[in-house]
Amino acid sequence: MTMPVGTVKVAEDSDFRRFKEVCDGNEGWKLEVDKQRTKVWTKTNDLSDFNMVKIRTEFDDLPASVMYDVIHDPLYRKTWDHTMLEGCEICVINPNNDIGYYAIKCPPPLKNRDFVTQRSWLDTGNEKVIFNHSVNHAKRPVKKGMIRGISFLTGYLIRHINDHSCQLTYVTQSDPKGNLPAWAINKLTRIMAPKVINRIYKAAKNYGTWKQKNRPEYKPWLFPEQMMSELPRYDPADIEEFDMAASSDSLEETGEMQEGDVKDDDL
């Protein structure tokens with residue numbers, strides 16, 4: 001883990017280095033999927049009953065810079081991430097760190113989830129890193145009927161291969177809270193991971209055309225003055241103590257969920 005849940009601080013070189021070590025490490029990881037350049041591993045951990053998940057793939061027709069833009073761009077995400085109910089930046093900490101909100105649509109009988117996270121990023125040219133962890137912010141309290149999930153560590157490592165190709169590694173160590181049965185997590189691992197990679201790939205292939213028509217000059221992850229001028233500044237007084245147990249006023253998800261109830265598209 002890079003930074004403890006609930007802690008807000010500017011990410012340092014050591015935090016980015018530790019995240020890359022998680023991405024590249026082999027110890028304790030179990031290979032679950034190895035198909036068409038995409039590998040998926042899982043790993044048990046002491047923070048949650050839910051396994052860590054790591055996905056790695058290579059794209060021979062996508063430069064690292066485009067993949068970096070696609071993952072960052074909040075306006076574009078609304079066009080391709082069909083599970084997103086809402087996403088926004090709450091405040092800016094510095095040119096490479098912000099705090100944001102993300103709400104996810106879940107298939108019945110599950111309740112929708114949301115997350116408040118500090119996000120940190122770094123572009124060194126050949127390597128581009130984005131990762132987050134959960135914090136509490138006064139402007140985004142827990143909503144009734146929504147379950148607040150926890151991201152212990154979630155992020156992307158994008159490596160330049162050549163001018164036309166890149167390697168993408170995605171890692172998540174999170175707890176969606178609520179009552180998710182074990183088979184659901186197993187199915188998410190087997191089915192969702194490669195599908196998410198394919199969805200990101202398709203989005204990236206269409207990004208250039210879309211961006212030309214939608215604020216082509218707006219890339220605050222590359223030009224921090226844009227972010228600094230549009231977002232509220234971080235106020236430490238807005239950060240509340242993080243309660244690992246409290247995710248909503250009603251954690252129970254009613255109804256007996258069967259595997260056949262969840263379609264691949266829902267995932």
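Keep in mind that the model is predicted.

**Stop 1: helix H1**

Select residues 13-24, which form helix H1. With 12 residues at 1.5 Å a residue, the helix should span 16 Å, and its end C-alpha atoms lie 17 Å apart, which agrees. Now colour Ser-14, Asp-15, Phe-16, Phe-19, Val-22 and Cys-23: these are the buried residues of H1. What covers them? Show strands E3 (52-59), E6 (113-123), E7 (127-134), E9 (150-162) and E10 (165-175), which are included in the cover.

**Stop 2: rings**

The structure holds 7 aromatic pairs. For another pair, pick Tyr-156 and Tyr-170: the ring centres are 5.1 Å apart and the planes meet at 45°, so this pair is tilted. Tyr-156 belongs to strand E9 and Tyr-170 to strand E10, 14 residues apart, and the pair links distant parts of the chain. Tyr-156 is buried, with a relative accessible area of 14%.

**Stop 3: His-133**

Next, go to His-133 in strand E7. Is this residue buried or exposed? His-133 is buried, at a relative accessible area of 0%. Follow its side chain to the backbone oxygen of Thr-7, reached at 2.6 Å. Beyond neighbours within four places in sequence, His-133 has contacts that include Met-3, Pro-4, Val-116, Gln-118 and Phe-152.

**Stop 4: charges over rings**

Two selections are worth a look here. Show Lys-54 with Trp-41: the charged end of Lys-54 sits over the Trp-41 ring, 5.3 Å from its centre. Then show Arg-215 with Tyr-218, where Arg-215 lies over the face of the tyrosine at 3.9 Å from the ring centre.

**Stop 5**

In soluble globular proteins, nonpolar side chains tend to be buried together. The largest nonpolar core here has 30 residues, and those with the most contacts inside it are Phe-59, Met-67, Val-70, Ile-71, Tyr-76, Ile-158 and Leu-168. Two or more residues come from each of E3, helix H2 (64-72), helix H3 (74-80), E9, E10 and helix H4 (182-213). Which element gives the most to this core? That is H4, with 7 residues.

Centre on Phe-59 and display its surroundings: leaving out residues up to four places away in sequence, Phe-59 touches residues including Arg-37, Met-67, His-164, Leu-168, Ile-197 and Tyr-201.

Key. Residues numbered from 1 in each chain as written. Predicted model: local features only at pLDDT ≥ 70, side-chain atom pairs only at ≥ 80, totals over all residues. Heavy atoms only, no water. Helix = DSSP H or I, 4+ residues; strand = E, 2+ residues; numbered from the N terminus. Expected span 1.5 Å × (residues − 1). Buried < 20%, exposed > 50% of the residue type's maximum accessible area, 1.4 Å probe, protein only. Contact = heavy atoms within 4.5 Å. Polar contact = N/O pair within 3.5 Å; in protein donor to acceptor, adjacent residues only side chain to side chain. Phe/Tyr/Trp six-rings, centres within 6.5 Å; stacked < 30°, edge-to-face > 60°. Lys NZ or Arg CZ within 6 Å of the ring centre and 35° of its normal. Core = buried A, V, L, I, M, F, W, Y, C linked by side-chain atoms within 4.5 Å.
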